[in-house]
Every structure is written in structure tokens, then in C-alpha cells.
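Have the structure open and follow along.

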Amino acid sequence: MTPKELKAQYRNERLAARDAIPAEERIEKGLAMATHAGDAIDIEPGMVVSGFLPIRSEVDVRPLMAHFRARGARLCVPIILDKSTIVFRELVPGAPLVPCGFGTFGPGPDAAVLDPNVMLIPLSAFDKTGHRIGYGAGYYDRAITRLHEKGLNPRLIGIAFDCQEVPSVPAEPHDVRLDAILTESGLNFVSEAIG
């Protein structure tokens, strides 16, 4: 089996496992994540944190994002511009959210585009070493590469449920390794740079 085929298999299996978690349980697990990570991640006032507004059976990280905002962070969420590009628009309280493609909503085109210092990244599957499998379109890998090309090095935190862990992700050259993984069981640092 090629790395691409194994990734596709893991993606399908782990997303099916995530989909099987009852909605009420997903809410509780998301709240547990906010408790685990709310004060454990170094957030300075004015830092930019990209989160995401959940779709399908993704973890709802809005409680964690609210905690970071209370600590002085500026929040943003990814917006799909085209088939290969996402940008991160500022999420301001009370600002309207508009449809942004693929069932997502986010701030409209008038919102500021920000470069995140910390990125909360949804994923399909992960392993203990910080390798991840996304949804297959490569949006985050390309966005992180663009930030690196600007001389920026955002801290990358994968967001998933425990059931999304796999023994080993077949990493490819374009794959970006996470600094930490947050699940309902806790925050696992896989890089010294994050704490």
C-alpha cells in the first residue's frame, strides 16, 4: 500500500470513528479540551490565534478560543478563497458570519486578514509524533508554507478526539509536523517550542 493509499484508509476510518461519537459526548469532550489547554498554551496579549468553526463532527473549539480571547488573544478562522488557498480572517464579537464554501461560515471579506502565531488545526488522523492527516486538500500545509516563506513560525496544535489516533502516519515531504496534539485526554507536546 502506498503512503497516499494508507493515508486515505486512515482518513476514512478515523473520520467514521469521529462521526460515531454522539453529539452530546462531542460537546463534553470539547469542553474537556478547553480545560486541558486553556492555560497550558503560552498566549500573550495581542497574539493571533487561528481556530475554526466546527463543521460535521469536528471538535467545537469555540470554548477554548473564547478562553484565549479572554487572555488577550486576537482570534481568526480559516476562509477558503479558492481550490488551493485559505486565509485567516479576524473573528470579532458581533460581526456577521457569511457562507465561505464547503459548508463553512466565517467573517466576510471586510474582516482583517491576520497571520496566526498559534494555529488550532482540525485533522482526520494523527500519531504520537505529531504527524497528521488532514482532509486531503492540503489547505493547511500550503498556508503554513506561506507563513514560513514570510519568516513566520506559528505554533501548530492539532485538534482531534482520541479515537482519531493511528499507530503511525506515513509522512511525506510536504507534510508539516505539529508541535502539540490536543484531545479530550489532554495536551501532548511533541515539540519544545510550544509550552
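## I159 and its surroundings

Let's start with I159. Leaving out residues up to four places away in sequence, I159 touches M33, F52, V59, V61, L120, I121, P122, L123 and L182, where touching, or contact, means heavy atoms within 4.5 Å. Keep in mind that this is a predicted model, where local features need pLDDT of at least 70, side-chain atom pairs count only at pLDDT 80 or more, and totals for chains, interfaces and linings use all residues. Residues are numbered from 1 along each chain as its sequence is written, and side-chain values use heavy atoms, with hydrogens and water left out.

V59 is buried, at 4% relative accessible area (buried means under 20%, exposed over 50% and partly exposed in between, with a 1.4 Å probe and protein chains only). Skipping neighbours within four places in sequence, V59 is in contact with G30, M33, F52, P54, I159, A160 and F161. Its C-alpha atom is separated by 11 Å from that of I21, 38 residues apart along the chain.

## The nonpolar cores

Which residues have the most contacts inside the largest nonpolar core? They are V49, F68, L120, I157, I159 and L182, in a core of 30 residues. A nonpolar core here is a set of buried Ala, Val, Leu, Ile, Met, Phe, Trp, Tyr and Cys residues joined through side-chain atoms within 4.5 Å. The elements giving two or more residues to this core are α2, α3, β2, β6, β9 (155–159) and β10; helices (H or I, at least four residues) and strands (E, at least two) are DSSP runs, numbered from the N terminus.

Apart from this core lies another one, of 19 residues, including V48, Y139, Y140 and L178.

## Strand β6

Is β6 mostly covered or mostly open? Five of its five residues are buried, so β6 is mostly covered. V118, L120 and P122 are buried on one side, and M119 and I121 are buried on the other.

As for its partners, β6 runs parallel to β1, joined by two bridges, and V49 has V118 as its bridge partner. β6 also runs parallel to β9, joined by five bridges, with I121 partnered by G158. Strands pair if DSSP finds at least two bridges between them.

## Helix α3

In α3 (residues 62–70), L64, M65 and F68 are buried. Seen down the helix axis, these buried residues fall within an arc of 100°, so they line one face of α3; the arc is that of the directions from the helix axis to the C-beta atoms. Among the elements covering them are α2 (23–37), β1 (48–50), β2 (74–80), β6 (118–122) and β10 (180–183). After α3 comes G72, with a positive phi near 105°.

## Aromatics and cysteines

A search of the whole structure finds one aromatic pair. The ring centres of F88 and Y140 are 6.4 Å apart and their planes are at 55°, so the pair is tilted. (Rings of Phe, Tyr and Trp, the last by its six-membered ring, pair if their centres lie within 6.5 Å; planes under 30 degrees apart count as stacked, over 60 as edge-to-face and the rest as tilted.) F88 lies in β3 (residues 86–90) and Y140 in α4 (residues 139–149), so the pair ties together parts that are 52 residues apart in sequence.

C76 is buried, at 0% relative accessible area, and C100 counts as buried at 10%.
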